[in-house]
Amino acid sequence: MGVLLSWFPTVCNMSLTASAVILAVMLARLLLRRTPKVFSYALWAVVLFRLLCPVSVSSAVSLMGALGAPAQERGTLTSAVEYVPASAGAFSPAARPAPAEGLGEISGTASAPSPAAPADRPSAAPDPLAAMAGVWLAGAALLLLSSLTSMLRLRRRLVGAIRLRDNIYLADRIPSPFVMGLLRPRIYLPSTLKESERGYILLHEQHHIRRRDHLAKLLAFLALCIHWFNPLVWLAFILSGRDMEMSCDEAVVRKLGEDIRADYSASLLSLSTGRRIVAGTPLAFGEGDAGGRIRNLLNWKRPQPWVLIACAAVCAGLIALCAANPESGASAGSTEAQGRWSDVEEYAQSLMDAHTEVQYYAEEPDGTAELEPMTAAVTDTKLTRLEKGGELTGLDPRGTLEEWEFNYLVKFDADPSSVALAGGQYYDEEGYFDLDDPGGRVLVALRYGDGSCDILYDAPINDRMDFLGYHNTMEEALYDWYVTDRGLDLPLYVEDWVDQIDFAEDFQPGNYPVHRFDGDGWYLYIPIDTWVYEEGQGGHGALPGWISAYGTGACLFIDRFSAEEHAIPTSQTHPNMRPVDGSALVWEQQEEGSVRRDYYTETEDGGCWRVSVVMPTGGARAELERQILCLMAESFTAAQKGSSPAAGRTAVTSGAAVQDVSDGGRRVELTVQFTMQETDGAYQVRSVEGALAKNISGWQSVALGADVVRGQIVSLDGGTRALVPVIYRASAGADWEKHCAVVVIDLTDGDLPRAALTESELETFRQAFEPLTYNENGDPVGVNPVSCFFSSDYGSVRELDLAEFLRYFPGGGAADEAEFTALKALDGWPFRNVERLDEMPVPITRIPAASVDETLTRYAGITAADLTNTAGTFYLKDYDAYYVYTSDFGPGTFAPVSGERIADRIYLYGGGENGSSRVLTLRTTDGRGWQIVSFLTLDTLN
């Protein structure tokens, strides 16, 4: 219960933030009132996001930023709006840690730890916020209970419902058709419903299911239960329901034609439920504002394509603005220097200056503390220590990581002898007190080349050893903190195996730290204690080894074998050993009083490493050491000879390029951090960890582009040169704009020919990518086959989603009854229970396979046989054709707004849906033509 109550400040913040978004969406609905309702309905998605998610991506341009919403960082790219502090009142945790990347987050008031309260001390006064939280929780529970009761009553009325076909049921005691169910939604029709009305009513309900409206409505109802105290949320729930129903009405009329509007409206009027079903999951055909829906149908006209495109652009932009949070005050500010602070001393002084009040307990004559704390103004502060403990270069491409520790004391108007002290608090001979963070604070600073810095980590800590932990040096501690904080795929120096070992019941340690040992071309992890390092333990190569400090005979040693020595055993060469697993790289042999196990790791030159462990048998200590030895051996990782020990098998470096922004001639420095691996003296790019852009507002994280696929780089010449498309932000003053560019990671010091595409070239591509084809009068006559390549994302065109590719493919014909019978015999065909073709709820289209292969060959240089993603497609060999079923229309679209040519690649950048940008990569052919390489959607900096 306490945990639920502690969520109330977060709920308040989400509700206040969503209120502003609701008002923005309501205003947008007025502007879009004469457009298809699907756009108004789509806008409510950002309201639902705001009501259910407390954090969002930070952006310099956002609705919340324009309203001056207070934001606090929650991650590298995310923040949360906090009108009500999460630590307010009774919800303040006992020890709230500092943010992982609090770039100068300053607490205006410092609170002192209170001394232990006597047993007979009365409890503190009740917190008003806690009482409000209790009322909120009770209201949410009551609304959920009411909904559950309503659902149970409705289910009782469905007893005796008869299945008509598929998921369609007839019931006697219901006034209107509706959809109910989550994983397997069912359509319930009144048994008195006329046969003539069933067709369009079923299409209406099936559109609900296909669009997952039953899930959206459940989420909306859960949001309503959480924010029941906010009247705007109730209004949003009602209006979103109307937009949902009207958009379904329009979809039915769009499919069946305008002639059914009169009959459809009559059905709406007769089947109106008269009230909304608040219970959440049922979607009733007549639910909501029947009069408004009828007026909307009578006014409906088929929209022009340009109207749809304009509305989609407006909705995408508004959703992006409403979904993004403003950058926190700690990171939004900027100076002419690279970092926010001129040095660490300036940051330390800012914390001291911000410490304006202090709380303390007065001491009673009998030596006990008073019950209520007193507040006093800080009159002076004094820095007692500011000391750098270590630094690390080469890991963050922007600068040097530094660890600092500092302490300061405060003075206030009070007789030192009258202040009750507890838990390490003290005052010095000048009357300066340490009532906060006894022992000091530890900082991690990122220092740039100009000497300025940003503070990446700030936390109260007892002493430097808490940050150092089990690391041998402060540089190791900085390395592990940075790798963990950034989520880099690099081996740590210190790990914890406590969860990987089954300890005896009488010995359950809180942790079991292990430290990485770096050898020449390899590393493995060794427990911090109880294992003694020995030189020359290996019986073959005299490499290092470890023996148990308990004298049990347990040990581990390492050998290296060349290709000529054929060290990996087989059943013929080592009949006394047996393979442990199917890899044939782990072998075991029983010896007197022990078991020997050998782990082999093959090397690129044909040789191998061997890690041998000797495990005594019998006794609890032997069982524990057996587990530990196996984990030690399994952690062995071979690296390339000469690679950096600090990064295990790979050496981390960074590539940088300076790219001219075409408009205004501004220059933006783009830095890509990547991992490369040495092989026989040559380096090869393996993966990209992140990208940064620097403009007048400092460094910003950027999104990676289309050629970065699953951590691998698509390179031009065997890995020595790679192209990394990025999306970044550039600004001149307060105006922000998004740009795309390609960073060239060139390990050969060569230059690639590159040039920005002209507006004329871009217009040629826009015309080639038009989703529709037109006749000489400008009327649309069909679908452009190249648009089918824009219906799914793929890092390689061979991964194109064939089912989505075929959904709106041009030139198809209607299937006949024989084909329909053959389709019902295919695995996965969803309409097996439909008896005849004329009973199909959606039309079936036949697409000749030859047409598909012709399009794939023309635009991508492949055929359908080369595709790897064919799930959900239906092909009949006897007819050599593919079959799709759909009643709507939505071809893929892509309109490039910029682009550039680099060597034989063309990169085209354009807007996408849901606040994302897209990158289309083409390969030039014969110097004039082109073929598609990849098409990916990138999350942009909103």
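## Burial, cores and salt bridges in a predicted model

Of the protein's 942 residues, 48% count as buried. The model described here is predicted. It contains 20 helices and 48 strands. Among contacts in the protein with a separation of 6 or more, 59% join residues 24 or more positions apart.

Nonpolar residues were examined next. In soluble globular proteins, nonpolar side chains tend to be buried together. The largest nonpolar core in this model has 56 residues. Within this core, F467, Y512, W531, L556 and I558 touch the most other members. The surroundings of Y512 show how such a residue is placed. A second core of 34 residues is separate. Its members include A18, A69, V81 and V307.

L52, L144, L219 and L222 make a nonpolar surface patch of about 300 Å². L222 sits in helix α7, which spans residues 213-226. The relative accessibility of L222 is 34%, so this residue counts as partly exposed. Patch members must have over 30% relative accessible area, and L222, at 34%, therefore passes that cut-off.

Cysteines were checked for pairing. A disulfide is a covalent bond between the sulfur atoms of two cysteines. The structure holds zero disulfides. C608 has a relative accessible area of 2% and is buried. C788 is also classed as buried, at 4% relative accessibility.

Charged side chains form 28 salt bridges in the structure. One of them joins D243 and R29, with the closest N and O atoms 2.7 Å apart. This pair links distant parts of the chain, since its residues are 214 positions apart. D243 belongs to helix α8 (residues 231-256), and R29 belongs to helix α2 (residues 8-31). Is D243 buried or exposed? Its relative accessible area is 1%, which is under the 20% limit, so D243 counts as buried.

Another salt bridge lies within a single helix. R766 and E763 meet through their side chains, with an N to O distance of 2.9 Å. Both residues are in helix α17 (residues 759-768). They are three residues apart, about one turn of the helix. E763 has a relative accessible area of 33%, so E763 is partly exposed.

A further salt bridge joins D838 to R836. Here the closest N and O atoms are 3.3 Å apart. D838 counts as exposed because its relative accessibility is 59%, and exposed residues are those over 50%. R836, with a relative accessible area of 41%, is partly exposed.

Salt bridges can also be followed through several residues. Which residues are linked in a network of salt bridges? K388, E391, E402 and R447 are linked in this way.

Key:
Residues are numbered from 1 along each chain as its sequence is written. This is a predicted model: local features need pLDDT of at least 70, side-chain atom pairs count only at pLDDT 80 or more; totals for chains, interfaces and linings use all residues. Side-chain values use heavy atoms; hydrogens and water are left out. A nonpolar core is a set of buried Ala, Val, Leu, Ile, Met, Phe, Trp, Tyr and Cys residues joined through side-chain atoms within 4.5 Å. Buried means under 20% relative accessible area, exposed over 50%, partly exposed in between (1.4 Å probe, protein chains only). Patches are made of residues with over 30% relative accessible area and no salt bridge: like charges are joined within 9 Å, nonpolar side chains (Val, Leu, Ile, Met, Phe, Trp, Tyr) within 5 Å. Accessible areas come from the Shrake-Rupley method with a 1.4 Å probe; for residues, only the protein chains shown count as cover. A salt bridge is a side-chain nitrogen of Lys or Arg within 4 Å of a carboxyl oxygen of Asp or Glu. Helices (H or I, at least four residues) and strands (E, at least two) are DSSP runs, numbered from the N terminus. A disulfide is a pair of cysteine sulfur atoms within 2.5 Å. Contact means heavy atoms within 4.5 Å.
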